[in-house]
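Welcome, and please load the model in your viewer. We will go from one selection to the next, beginning with the aromatic rings.

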Amino acid sequence: MSNVDAQELSKFAELASHWWDKEGEFKSLHDINPLRVDYIEAHCEGLFGKRVLDVGCGGGILSEALALKGAELTGIDMVQASLDVANLHRLESGVQVDYYLTTAEDWSQNHPHAYDVVCCLEMLEHVPDPAAIVRACAHMVKPNGKVIFSTLNRNMKSYLMAIVAAEYMLSMVPKGTHDYAKFIKPSELMAMIENTSLNALEMTGLHFQPLLNQYYLSQKNVDVNYFIVCQAT
């Protein structure tokens, strides 16, 4: 429990009822979800029949989408209100996902090398010790399995784009969603990865084109949002 930020839990608990409102507080997550799912599926050589863990699953937006690709999906989170919404939506959609209230560190103790794929997207920047999450993810993936992280870079551009523009100018996400001090430079995340059994394979940036109101993936830069795909040894 030492790696849990009470303010973060409270913030997401207050927003929990909005998880599946595609025009609401989490619209940007719904907008980028197809890109995320396609990216994960492509780098995992398909998801059908694979055991997949979604760390920090929230209301289940990513979890359900991955399950629809044929994955055997488990989602974990530390916000009960979000999991309540995820379970309610699961009943409505009929998509099979198993949700649990737990930390990645605790779950890893009883699930070593249990998953073909571990996803931890847009979560590392919300915990006090992201390195502990990286270690837990490495512990839970099977040998040769894939771990995929995404988070926010820490620089002036990311501050302007992810906080000033996204939160205050364009209202793409709720005000106060992000704490700039918790953003993670790629070099910092790479150092965390190098202290585990994971090998980083690829880094890709997630970009937003405001004139077209579209998101896209490109390796041209990783200045704001970025993904890192890793493989376990």
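Start by selecting the aromatic side chains: 7 aromatic pairs turn up here, where rings of Phe, Tyr and Trp (its six-membered ring) pair if their centres lie within 6.5 Å. Planes under 30 degrees apart count as stacked, over 60 as edge-to-face and the rest as tilted. This is a predicted model, in which local features need pLDDT of at least 70 and side-chain atom pairs count only at pLDDT 80 or more, while totals for chains, interfaces and linings use all residues. Residues are numbered from 1 along each chain as its sequence is written, and side-chain values use heavy atoms, with hydrogens and water left out.

Now pick Phe12 and Trp19. Their rings are stacked, with 6.5 Å centre to centre and 15° between the planes. Are these two residues, Phe12 and Trp19, buried or exposed? Both are buried, meaning under 20% relative accessible area; exposed is over 50%, and partly exposed is in between (1.4 Å probe, protein chains only).

Next, move to Tyr159 and Tyr180. This pair is edge-to-face, at 5.4 Å centre to centre and 80° between the planes. Tyr159 sits in helix 7 (residues 156–169), and Tyr180 lies 21 residues away in the loop between helix 7 and helix 8 (186–194). Helices (H or I, at least four residues) and strands (E, at least two) are DSSP runs, numbered from the N terminus. Tyr159 is partly exposed at a relative accessible area of 33%, and Tyr180 is partly exposed at 29%.

For a charge over a ring, select Arg51 and Tyr115. Arg51 lies over the face of Tyr115, 4.9 Å from the ring centre; the rule asks for NZ of Lys or CZ of Arg within 6 Å of the ring centre and within 35 degrees of the ring normal.

Switch to cartoon and find strand 2 (residues 72–77) and strand 3 (residues 97–101), which run parallel and are joined by 5 bridges; pairing takes at least two DSSP bridges. Show Ile76, which stands opposite Tyr100 in strand 3. Include helix 4 (residues 80–93), and strand 2, helix 4 and strand 3 give a right-handed β-α-β unit: with the strands pointing away from the viewer, the path from the first strand over the helix to the second runs clockwise.

Finally, zoom out. The protein chain has 8 helices and 8 strands, and buried residues make up 53% of its 233 residues.
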